[in-house]
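Here are my notes on the model, point by point. Please read them with the structure open.

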Amino acid sequence: MAKLLMIREQIKSFYSRYEGFCRPVLKFLLAFLALTMINKSIGYAAVLGNPAVVLVIALFCSFFPTNFVVVVSTLVILLHLYAVSLETVVTAGILFMLMFLLYFRFAAKDTILLVMTPLCFILKIPYVVPLCAGLVGSPTSMISTGCGVVTYYLLQYISGNRTALLTSEDDPIFQLEKFRMLIDALMKNRQMMVVIAAFAITILVVYLIRRLPVDHCWTIAMITGMLVDIVVILVGDLKYQTMVEIPALIIGSLLALAVGLVLQFFVFNVDYTRTEKVQFEDDEYYYYVKAIPKNTVSLADRKVKKIKGQTGTSQATGSDSSRRSALTAAKGSRDAQEYRVRRTAATKEREVVRSSHNSTKRIIMPEDVAGSRRERLTEIEKAAAAKARAERKKNNSGTE
Amino acid sequence: MLNEARVKLMTRMAAFEVGEGKRSMAIGTFFRSDYIAKEIIKSIIYGTIAFGLILGVYLVYEFEMFMANLYEINWLDFGQMLLKRYLIGIGIYALITYIVYVVRYSRARRNLQIYYNNLRRLRAMYKKEAAQEKLTEE
């Protein structure tokens, strides 16, 4: 655990120091992952499937705010769908427009969940989303997650029914039929509705429990949230026959719990304060200030000191080393002598009495006598030091 | 001469100006009623566009039914029903907007209050420093 805490502190320290580089790299990775997953699931436009194009777009995203990743992902999805048929792109476009017009203008910070939710579904870890959103988000994350679930199910339907949706005829009735298919896929998909309800309830439960003033509230919130998620999905399955794979649900939920614990370790009670670089001026100066956050837990700065044998490492000759050791011994004996003189002088002046009630040794030195004694003590010390100095001088002259 | 306490205060204020303060200052330029009214009007416009999109999707989805019953449908009733739903939807949306932006406005005002207090402290520091300099000159 101590090692883990150390790793966390190191990560925090690294992030706060190199925050300027870390954020673009993280945005690049997010954009790259999102675009790769989109290409993998609905990669119908060959141009966008090119890895070089993906890399360039991801690199472009790293210079912009995080929400730009969402906008770019949405545009890429629409371009892929355009390769399928006009109806699909119109339906998906209307859906995204409704989301942005009605909801994401209020909660711009939550927009990232629109990308993260389908991404987690594709990575087979969908139950991570409600737990994490409840832990680090707010109740409004329910809506963002719901939008993400709708996006995933729409894309899944399109990739599963591509042949039926492909542009083959220009007959308006056939086009209308395709449009209806897509709307039905959204409105009559019971599995999607059950997942949206389960995720919404889970987020709410996790959020409410993790805010309770009790010990281990985050852990309790995660376990309760996981159970609630499983129960709601199973009840929905029983009622609407959504054909949920129960082993996958349980394994996925346990995996979500594990991810939640990792998140708890890295987020709970940790302040990822950023390094601030600010500029300002007054009448006299221009200030270019870099404010670096203080680390609360000091890291163990380990230094390995190699102690090698005297014979193996010493470059000096035998006579040199013996002379040096003799000098050191002489100096040691002189110091020891001086120390002994000081010590005896000090002990003579101290009254040591045994305390009656706890039988510990105490040095009693009343305040009124302490001053005079201290003066006397310093006088004795001075005399002892002078004596030792004289002896040392005598010794030195002897050796010369 | 550099005053350490003043530099700290100025750094904190500059960090606020660059980050959250930017939005708070933009909000702070409005009166409460103006700001909330502006956002509600924006919401009504966006809500109307969204309602139009949903209506368009509904009409296309039920296009065959509308064509088949073109002369049997009471279009006045249909229009009234649509208007009623539109008004209810927009009303709810405007209410949500009102609540959200009242909270945001009060939060921004609180942040600005702290910022203005810091400004006052800074001015006091400058005054004190100027007075000390004057004394040393005398």
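1. A:Met243 counts as exposed, because 8 C-beta neighbours fall inside 10 Å; a residue is exposed with 12 or fewer other C-beta atoms within 10 Å of its own, buried with 20 or more and partly exposed in between, the C-beta atoms being placed from the backbone. A:Met243 sits in the loop between α13 and α14 of chain A. Its phi is positive, about 55°, although the residue is not a glycine.

2. A:Gln241 lies in the loop between α13 (217-240) and α14 (246-267) of chain A. Its phi is near 50°, again a positive value in a residue other than glycine. A:Gln241 is exposed, with 10 other C-beta atoms within 10 Å.

3. A word on conventions: this is a predicted model, in which local features need pLDDT of at least 70 and side-chain atom pairs count only at pLDDT 80 or more, while totals for chains, interfaces and linings use all residues. Residues are numbered from 1 along each chain as its sequence is written, and chains are lettered from A and ligands numbered from 1 in the order in which they are written.

4. The mean pLDDT (the predictor's confidence in each residue, from 0 to 100) is 78 for chain A, and 75% of the residues score at least 70. The pLDDT is below 50 over residues 311-318 of chain A, a stretch with three contacts in the model beyond near neighbours in sequence. It is also below 50 over residues 345-370 of chain A, where the corresponding number of contacts is 19. Two residues are in contact if their C-beta atoms, placed from the backbone, lie within 7 Å.

5. Chain A has 17 helices and four strands. These are DSSP runs numbered from the N terminus, helices being H or I with at least four residues and strands E with at least two. Of the 400 residues in chain A, 26% are buried. Among contacts in chain A with a separation of 6 or more, 75% join residues 24 or more positions apart.

6. Which residues does A:Ile203 contact, leaving aside its neighbours within four places in sequence? They are A:Pro130, A:Ala133, A:Gly134, A:Pro139, A:Ser141, A:Met142 and A:Thr145. A:Ile203 lies in helix α12 of chain A and is buried, with 30 other C-beta atoms within 10 Å. The C-alpha atoms of A:Ile203 and A:Asp229 are separated by 9.2 Å, the two residues being 26 apart along the chain.

7. Helices α2 (residues 19-42) and α7 (residues 113-122) of chain A have axes that come within 10 Å and cross at roughly 55°. The axes are lines fitted to C-alpha atoms over the stretch in contact, and angles run from 0 to 180 degrees between N-to-C directions. The contact is made by A:Leu33, A:Ala34, A:Met37 and A:Ser41 of α2(A) and A:Val115, A:Leu119 and A:Ile122 of α7(A).

8. Between the chains, 17 residues of chain A are in contact with 15 residues of chain B. On the side of chain A that touches chain B, α6 (86-104), α11 (172-187), β1 (276-281) and β2 (286-291) each supply at least two residues. The largest share, five residues, comes from α6(A).
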